[in-house]
Amino acid sequence: MVNVTMKNRIILHLDMDAFFAAIEERENPHFKGKPIVVGADPRKGQGRGVVSTANYEARKFGIHSAMPISKAYQLCPTAIFLPVNAELYSQVSKKIMNIIQTYSPLVEQTSLDEAYLDLTQLYHTLKYDREEVWERARVIAKELKRKIFEEERLTATCGIGPNKMIAKIACESAKPDGLKAILPEEVEKFFEPLDIEEIPGIGEKTGAMLRVKGVQTVGDAKQFSKEELRQLFGKNGEAMYERLRGIDEEPVIKERVIKSLGKEHTFEKDTRDPASIIPVFEDLVEEVAGEIQREGFAFRSITVVCRFHGFETHTKAVTLSAATADKKVLRQEAMKLLLRFITENPKPIRLVGLRVKIA
Ligand code: TTP
Ligand code: MG
């Protein structure tokens, strides 16, 4: 008999494949098999926004999310470039999340196309027979994939693991249209060869610092003691020590779907002229405020992002003493942050963005 504690959980992570692009492909069957890029207008290579996503055919050319659209155009000028049809994607997302809800009472949606399902209750249902539990979880994942395909003609990938981090990494490793389960006893072997940047919390910067020390894989990084990681990366270092060993106790939380929302604008030409920047930023404030109202969302932190000439990107944020939905507070605080950017950094601005978060 297995004791169901934090150590004995079973979590399923589902992530739709090339979500925006896959929806476009479904809506336009003649696109099938062709590279598709959803995002800003490439304007024959002169466009200034970024790629939202690319389908797997387009990814073969090296195109990926967040890449400048001009670069994507260079890599594959013959790809089909499409604008973001946010309303449609959001409708599809709702339908998919409704399907997912029917498979577990404990679901956490973490983005438009991504959710965690806590299946730990299977331990109770199946009388603590561990093999049965993992087998049943696989069956659930297969059914979920089949149902989504049947109803929405879209493919999803599922990962199953003893915690959220492992389920997500398993999912990423099985993309597209895959299913991968990592049992607790398989975690160590699965983790060893992974690139360090696959571990959540290890981004480009931390990754680079570790690489300088000759560390490429999770296995390499395990040479560091908890104390050494703490010295290198502070509090994050301690969390990293755990994650490198596949430990993650984050619970699956049933909560309001949206944690943050925001908008951004890329200027036609880099500019330092407040007369062009401020009206655009005020429009962003209006758009974000409108969305806040529609979603019944209260925010506690406000972040302004500025991308300067040369793609150098900075953020400034403020956390309020309490959550609010007040547009005036949003405008006032956001404008203060923007003005600090304009006065502190002499470079021309390429993009401005505004984001609000619950916590
Ligand atoms: P992802 O799940 O990260 O990407 P994806 O679904 O396109 O591809 P896959 O999961 O198969 O790797 O993001 C979901 C959607 O969110 C994506 O289709 C477009 C949008 N998105 C952006 O708009 N900008 C981004 O930088 C990212 C990462 C995603
Ligand atoms: Mg996805």
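In this predicted model, an oxygen atom of ligand 1 lies 3.0 Å from an N or O atom in the side chain of lysine 175. The protein covers 69% of the 550 Å² of accessible area that ligand 1 has on its own.

**Polar contacts of ligand 1**

- The side chain of tyrosine 56 places an N or O atom 2.6 Å from an oxygen atom of ligand 1.
- Phenylalanine 19 takes part through its backbone, with a polar atom 2.9 Å from an oxygen atom of the ligand.

**Shell around ligand 1**

- There are 13 residues around the ligand, and those that come nearest are Ala18, Thr53, Tyr56, Arg59 and Asp113.
- By class, the shell consists of 5 nonpolar, 3 polar and 5 charged residues.
- Two or more shell residues are given by each of strand E1 (11-16), helix H1 (19-27), strand E3 (51-54) and helix H2 (56-59).

**Packing of helices H4 and H6**

- Helix H4 (residues 86-101) and helix H6 (residues 130-152) have axes that come within 10 Å and cross at roughly 145 degrees.
- The crossing of H4 with H6 is right-handed.
- From H4, the residues in contact are Val92, Lys95, Ile96, Ile99 and Ile100, and they meet Leu144, Lys147, Ile148, Glu151 and Glu152 of H6.
- This contact between H4 and H6 comprises 6 nonpolar and 4 charged residues, with no polar ones.

Technical notes: Residues are numbered from 1 along each chain as its sequence is written. Chains are lettered from A and ligands numbered from 1 in the order in which they are written. This is a predicted model: local features need pLDDT of at least 70, side-chain atom pairs count only at pLDDT 80 or more; totals for chains, interfaces and linings use all residues. Side-chain values use heavy atoms; hydrogens and water are left out. Axes are lines fitted to C-alpha atoms, for helices over the stretch in contact, and angles run from 0 to 180 degrees between N-to-C directions. Helices (H or I, at least four residues) and strands (E, at least two) are DSSP runs, numbered from the N terminus. A crossing is left-handed if the near helix is turned anticlockwise from the far one by less than a right angle, and right-handed if clockwise. Contact means heavy atoms within 4.5 Å. Ala, Val, Leu, Ile, Met, Phe, Trp, Tyr, Cys and Pro count as nonpolar, Asp, Glu, Lys and Arg as charged, and the others, Gly among them, as polar. A residue is near a molecule or strand if one of its heavy atoms lies within 4 Å of it. A polar contact is a pair of N or O atoms within 3.5 Å; within protein, one must be able to donate a hydrogen and the other to accept it, and residues adjacent in sequence count only if both atoms are side-chain atoms. Accessible areas come from the Shrake-Rupley method with a 1.4 Å probe; for residues, only the protein chains shown count as cover.
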